[in-house]
Amino acid sequence: MRTSQVLIPTLREDPGEAETVSHRLMLRSGMIRKVAAGIYTYLPLGLRVLRKIEHIVREEMNRAGAQELLMPIASPAELWQETGRWGFYGKELFRFKDRHDRDFCLGPTHEEVITDLIRREVRSYRQLPLNCYQIQTKFRDEIRPRFGLMRGREFIMKDAYSFDRDEEGARLSYQKMYDAYNRIFTRCGLTFRPVEADTGLIGGTSSHEFMVLAETGEETIVYAQGGTYAANVERAEVRPPTESASEPLRPLRKVPTPGARTVEEVTTLLQTTPQRLVKTLLYTTPQETVAVLLRGDHQVNGIKLAKLLGVTDLELTPPEKVMAITHAPVGFAGPIGLSHTRIVADHAVKALRNIVVGANEGDAHYVDANWERDFSVEQFADLRNAQTGDPSPRGDGPLLIARGIEVGHVFMLGTKYSQAMGATFLDPQGRECPPVMGCYGIGIGRTAAAAIEQNHDAKGIIWPVPIAPFAIHLLPLHQSARVTEAARSLYHILTDAGVDVLWDDRDERAGVKFNDADLIGAPYQLVIGEKGLAQGTVELKERKTGTVKPLAPGEVLQQAKQRLDSGSAGA
RNA sequence: CGGGGCGUAGCGCAGCCUGGUAGCGCACCUGCUUUGGGAGCAGGGUGUCGGAGGUUCAAAUCCUCUCGCCCCGACCA
């Protein structure tokens, strides 16, 4: 393709609206433009990347035995009412009425629609298993869209739904998708990791998220160094400590700690460590307020806590209410003398002796407090986030922390939707059974964004070969007939051989072309200038390393092919 | 939804505090020169100062309301 004939409006300066690397570079390289918050137009360059990713996804989904179909983006309220999600989903579900005043929504996901189809069309176990997928635009009216394609309101997603005769079959379908996802992200040239994920409110037996590893990732994952265990920190189990402190109990004392509210302030003042302090956090649910005890250096895990309490709504108790309950400002709450409030504690607290806790009065803490002797705990549980150095729950080494971007999610659904919607088939014994379902998503645009987060430098994007909008950026540096002719000739040789070439045929200076090429990020640049041609060479330059290889024009095709093929290993 | 911030030329910004002719850089158009990492000179066009009210002789600037967007937290591909 010629630059003069494609709309690639590159920006020299960073747009003010973008903070994140991928967002900035997508705007600057002319891949996307914003239409409204979280809603974007994909320009030719951006669309090419999406298509490349979609192509890989299609191939691997088909290979895994899934079949493509396409569901509507609008669906009637009735379907959502059947599963209760019309009421449950909240404002994220974009609702509207048609001219007859009937309720509709834009599909944020398609369990209802696909299950409706299956209940109509599938009668017999002989028709199962079945795995249907689509690549389609989804709409979720996100509370806060951000980071460009990373979290849009409108976004392109591959979603697949499997239907099986039984649990065993469903596990198999799940495994096939798990394997397919591994192949997909490998083929995309990404460094990623499947991690155990929280199953959320949907429940179910199994769920994995596919995380592209990147510093800027929104998710925190933990993994066993050298081992196999990896999980989203939301889910990662923390085992109770195996040993308790054995030092003798010292008498409880109250000490003044004026103005010391934070763990750091208190431990500094009392010359102790966060490991010997227990913080008391008050959480409020629709039913009650609960005190949660955690070791000073540990972070509460809201999901674990919500599960323990059996609620979905949970928030830190506001300061006025903390004052009412503890008779002290925030920062001085403690378990001693805290009446009428349930106290739960993380396992780690049980193992401690002679700890520092708040005194439930302003500017004072207790030291050498001890569980059982000085205060009671209703329940010990795993309530904290795993952190670096914690033992892996699988016993395969200490845990490390990394950041990741969730690009895919595979999920065992069980019969939640099939039962709710009365989808059944007849098994060999003639009994009516609900199919066991799974669902599997991949964010196409987010995968593109994640690829940029993972592959860029100060000058721009460095696309992995398999998803690059163009494999080679052809850069004639001069307007002379000789250079132009050499460019034309190489362009045709390469494109005829099936290589995606972007030919910068603009009348621009070398610097402009180089900078745009670096920004757009084709993995290779083919530089043609008078200087080289005088010696009978052109230059093949690798974007990632900057390595320049002088070549005779006749060698270019073979050399380029060789590099591009090795760059897309696994394809 | 809570907290913070921003809306001024296509893009990036200054001007606002202390009211008085709307500016700078880039981009764009014309010409000449230049041409291997975002060229130089000369000339040129560019604005409902996000919107609506109000105060004032006078509002980009002060006040009120409103819309949009960005960033930080609870949701998710």
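Where is the place of glutamate 372? I found glutamate 372 in the loop between β19 and β20 (379-381); helices (H or I, at least four residues) and strands (E, at least two) are DSSP runs, numbered from the N terminus.

**Conventions.** I note that this is a predicted model, in which local features need pLDDT of at least 70 and side-chain atom pairs count only at pLDDT 80 or more, while totals for chains, interfaces and linings use all residues. Residues are numbered from 1 along each chain as its sequence is written, chains are lettered from A and ligands numbered from 1 in the order in which they are written, and side-chain values use heavy atoms, with hydrogens and water left out.

**Overall form.** I counted 16 helices and 31 strands in chain A. The C-alpha atoms of chain A fill a box of roughly 90 × 70 × 50 Å along the principal axes. Of the 571 residues in chain A, 53% are buried (buried means under 20% relative accessible area, exposed over 50%, partly exposed in between, with a 1.4 Å probe and protein chains only).

**Backbone.** I returned to glutamate 372, which has a positive phi of about 80° although it is not a glycine. Glutamate 372 counts as exposed, at 60% relative accessibility. Aspartate 368 also came up: its phi is near 60°, a positive value in a residue other than glycine. Aspartate 368 lies in strand β19 (residues 364-369) and is buried, with a relative accessible area of 7%. I then looked up the peptide bond from leucine 128 to proline 129, which is cis, with omega near 0°. Proline 129 sits in the loop between α5 (111-121) and β7 (130-139). Most residues other than glycine have a negative phi, and most peptide bonds are trans.

**RNA strand B.** I listed 47 residues around RNA strand B, of which Arg140, Glu219, Asp518, Glu539 and Lys541 come nearest; a residue is near a molecule or strand if one of its heavy atoms lies within 4 Å of it. By class, this surface has 14 nonpolar, ten polar and 23 charged residues (Ala, Val, Leu, Ile, Met, Phe, Trp, Tyr, Cys and Pro count as nonpolar, Asp, Glu, Lys and Arg as charged, and the others, Gly among them, as polar). Helix α14 gives the largest share of the surface, seven residues. Among the RNA atoms within 4 Å of the protein, 46% belong to sugar or phosphate and the rest to bases. I noted that a polar side-chain atom of glutamate 539 lies 2.4 Å from a base nitrogen of RNA strand B. For an N or O atom in the side chain of aspartate 518, the distance to a base nitrogen is 2.3 Å.

**Strand β29.** Is strand β29 (residues 524-528) mostly covered or mostly open? I found five of its five residues buried. Tyr524, Leu526 and Ile528 lie on one side, and Gln525 and Val527 on the other. In a regular strand the side chains alternate between the two faces of the sheet. Strand β27 (residues 472-476) runs parallel to β29, joined by five bridges, and two strands pair if DSSP finds at least two bridges between them. Strands β29 and β30 pair in the antiparallel sense over four bridges. Leucine 526 is the bridge partner of leucine 474 and stands opposite leucine 540 in β30.

Conventions:
Polar contact = N/O pair within 3.5 Å; in protein donor to acceptor, adjacent residues only side chain to side chain.
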